[in-house]
Amino acid sequence: MYQVMIVEDDPMVASINCQYVNMDSRFHVAGVFKNGKEGIDYIRQGGPADLVILDYYMPVMDGMEFLNALRNLEGVGKGPEVIMVTAANGAEMVHRLMGNGILDYLVKPFEYARFQQALRHFADYRELMKDGCGLLGQKEIDLALRGRSPAGSEAAPMEKGLQAHTLDTIRQCMKADREHFFTSEEIAEQVHLSRVTVRRYMNHMLEAREIVSQVNYQTGGRPSIRYRYGNG
């Protein structure tokens, strides 16, 4: 399981990032840090980290300073990969951050499908590089540089354990009210499945761009993710 650090000073955004990471069973949130210095201290002390979800605008130590400090650390091997998740989208800023060796760059606000694509790119990249030796063909190098094609460019493969008839049941449930944004709990109740199972199908449908998602902040507690059928 890949260990993920969330380095983000906004508690609401950090909570959403944690939810998105934990929706993929290959990943686990190892810690949440309010600024780059807290994150660097964690890595320096030997905390497990395969991937960092990094904001740019933070107090004490911003995202660029974090990247510079990370590259200068000794004794951490190759170090974790970094995915920027930030509102910083000026051309010069993007150029500087990309030049610092980050794996992917997401501009806030973003949909879960794009976040999932970034996680998938990371997992594919780590799988390619895990041996640390051998030769890569052009196809493998292209994948390492860019990841897979954007979600929806080709049919999303069915994850092991998912059933076509169950997918169609959920699809018909959502199609019956195309204007409504459903929570996974609402769908689970209607199709008589567990919330965890429904979320697996939601992830598949997001990747296939059959549905769209939005974050509901008006819950009085942790934000929740809602889904609507259709990609428009």
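Glutamate 38 is partly exposed in this predicted model, with a relative accessible area of 28%. Its partner in a salt bridge is lysine 34, and the closest N and O atoms of this pair are 3.3 Å apart. The pair belongs to a set of 11 salt bridges held by the structure. Side chains of opposite charge can pair when their charged atoms come close.

A further salt bridge joins the side chains of arginine 44 and aspartate 41, with an N to O distance of 3.1 Å. Both residues lie in helix 2, which spans residues 36-44, and because they are 3 residues apart there, about one helical turn separates them. The two partners fall into separate accessibility classes: arginine 44 is exposed, at a relative accessible area of 51%, whereas aspartate 41 is partly exposed, at 23%.

Aspartate 55 forms a salt bridge with lysine 108, and the closest N and O atoms are 3.5 Å apart. Aspartate 55 is located in the loop between strand 3 (51-54) and helix 3 (63-72), and lysine 108 in the loop between strand 5 (104-107) and helix 5 (112-129), so the pair ties together parts that are 53 residues apart in sequence. With a relative accessible area of 3%, aspartate 55 is buried, since the limit for that class is under 20%. Lysine 108, by contrast, is partly exposed at 24% relative accessibility. Aspartate 55 and lysine 108 are also linked with Glu8 in a network of salt bridges.

At the level of the whole chain, the secondary structure comprises 9 helices and 8 strands. The chain has 232 residues, and 49% of them are buried. Of the contacts between residues at least 6 apart in sequence, 62% join residues at least 24 apart. The accessible surface of the protein chain amounts to about 12,300 Å², and carbon and sulfur atoms account for 50% of this area.

The largest pocket contains about 610 Å³ of space. Its lining consists of 22 residues, and those nearest the centre of the pocket are Asp24, Arg26, Gln116, Glu159 and Asn203. By residue class, the lining divides into 11 charged, 6 nonpolar and 5 polar residues. Helix 5 and helix 9 (195-207) each contribute at least two residues to the lining. Helix 9 supplies the largest share, namely 7 residues.

Arginine 200 is also found in helix 9. This residue is partly exposed, with a relative accessibility of 30%. Apart from its neighbours within four places in sequence, arginine 200 is in contact with Glu159, Lys160, Gly161 and Leu162. Another, Glu159, is among the residues that lie nearest the centre of the largest pocket.

Threonine 166 is placed in helix 7 (residues 164-175). A relative accessibility of 13% puts threonine 166 in the buried class. When neighbours within four places in sequence are set aside, its contacts are with Leu193 and Tyr201. The C-alpha atoms of threonine 166 and valine 191 are separated by 8.8 Å, and the two residues are 25 apart along the chain.

Backbone geometry was also examined. Most residues other than glycine have a negative phi. Valine 60 has a positive phi, near 70 degrees. This valine 60 lies in the loop between strand 3 and helix 3, the loop that also holds aspartate 55. Valine 60 is exposed, at 64% relative accessibility, whereas aspartate 55 is buried. A positive phi is likewise found at histidine 192, with a value near 60 degrees. Histidine 192 is situated in the loop between helix 8 (184-191) and helix 9. Its relative accessible area of 69% places histidine 192 among the exposed residues.

Definitions and conventions:
Residues are numbered from 1 along each chain as its sequence is written. This is a predicted model: local features need pLDDT of at least 70, side-chain atom pairs count only at pLDDT 80 or more; totals for chains, interfaces and linings use all residues. Side-chain values use heavy atoms; hydrogens and water are left out. A salt bridge is a side-chain nitrogen of Lys or Arg within 4 Å of a carboxyl oxygen of Asp or Glu. Buried means under 20% relative accessible area, exposed over 50%, partly exposed in between (1.4 Å probe, protein chains only). Helices (H or I, at least four residues) and strands (E, at least two) are DSSP runs, numbered from the N terminus. On a 1 Å grid over the protein atoms alone, a cavity is a set of points where a 1.4 Å probe fits but cannot get out, and a pocket is an open set with protein on both sides within 12 Å along at least five of seven lines; lining residues have an atom within 4 Å of a point. Grid points are joined across faces, edges and corners, and a volume is the space filled by probe spheres set on the points. Ala, Val, Leu, Ile, Met, Phe, Trp, Tyr, Cys and Pro count as nonpolar, Asp, Glu, Lys and Arg as charged, and the others, Gly among them, as polar. Contact means heavy atoms within 4.5 Å. Accessible areas come from the Shrake-Rupley method with a 1.4 Å probe; for residues, only the protein chains shown count as cover.
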